[in-house]
Amino acid sequence: PYRSPPFAHSSATYLVPALNKRGYAPQVEKISPVTPAGDYGAQGAAVKSAQLRFASSGVTHVITFESNGGLSTLFLPTARSQGFYPRYGINSASAFEALNEANIVDKQQRNGAVGYGWLPHGNQLTRGTPR
């Protein structure tokens, strides 16, 4: 998730405890949000570093907890280039449909992805196919 208060609070208070309760020990990587445009380089490096840690730790599921698809835009191509294909948990803010149409997410990354959120058409993984 982003390192900002709303994301940090939601992750620490709800997401991580719910996963722990179900027997999972999530590896959480907090990424600083981009404020000025100059922060994209630092965010990209942090996302790449997180992706490499996930892959080397044997992480099998990744939940993108973000506000605008930015983390997914950076994470997905890096993961694909490393041959890292976890199962993705996405939300409306992940904008998977837009990333799919822009060829940022590929078929192998879409396979098994599950979504939650408030804008179902924004996360529709393939047009015209009910999920």
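**Helices and sheet in a predicted model**

H2 and H3 are oblique to each other, since oblique covers whatever is left once angles under 35 degrees count as roughly parallel, over 145 as roughly antiparallel and 65 to 115 as roughly perpendicular. This is a predicted model: local features need pLDDT of at least 70, side-chain atom pairs count only at pLDDT 80 or more, and totals for chains, interfaces and linings use all residues. Residues are numbered from 1 along each chain as its sequence is written, and side-chain values use heavy atoms, without hydrogens and water.

Reader: At roughly what angle do the axes of helix H2 and helix H3 cross?

Author: Helices are DSSP runs of H or I with at least four residues; strands are runs of E with at least two. Axes are lines fitted to C-alpha atoms, over the stretch in contact for helices, and angles run from 0 to 180 degrees between N-to-C directions. H2 spans residues 40-57 and H3 residues 70-81. Their axes come within 9 Å and cross at roughly 50 degrees.

Reader: Where does H1 bend?

Author: Helix H1 covers residues 5-21. A bend is the angle between axes fitted to the seven residues ending at a residue and the seven starting there. For H1 that angle is about 40 degrees, at Ser11.

Reader: Which residue in E3 does Gly89 stand opposite?

Author: Strands pair if DSSP finds at least two bridges between them. Strand E2 (residues 87-91) and E3 have three bridges, in the parallel sense. Opposite Gly89 stands Val114.

Reader: Which are the edge strands of the open sheet?

Author: The sheet's order is E1-E2-E3. An edge strand here pairs on one side only. The edge strands are E1 (61-63) and E3 (114-116).

How values were computed. The expected span of a helix is 1.5 Å times one less than its number of residues.
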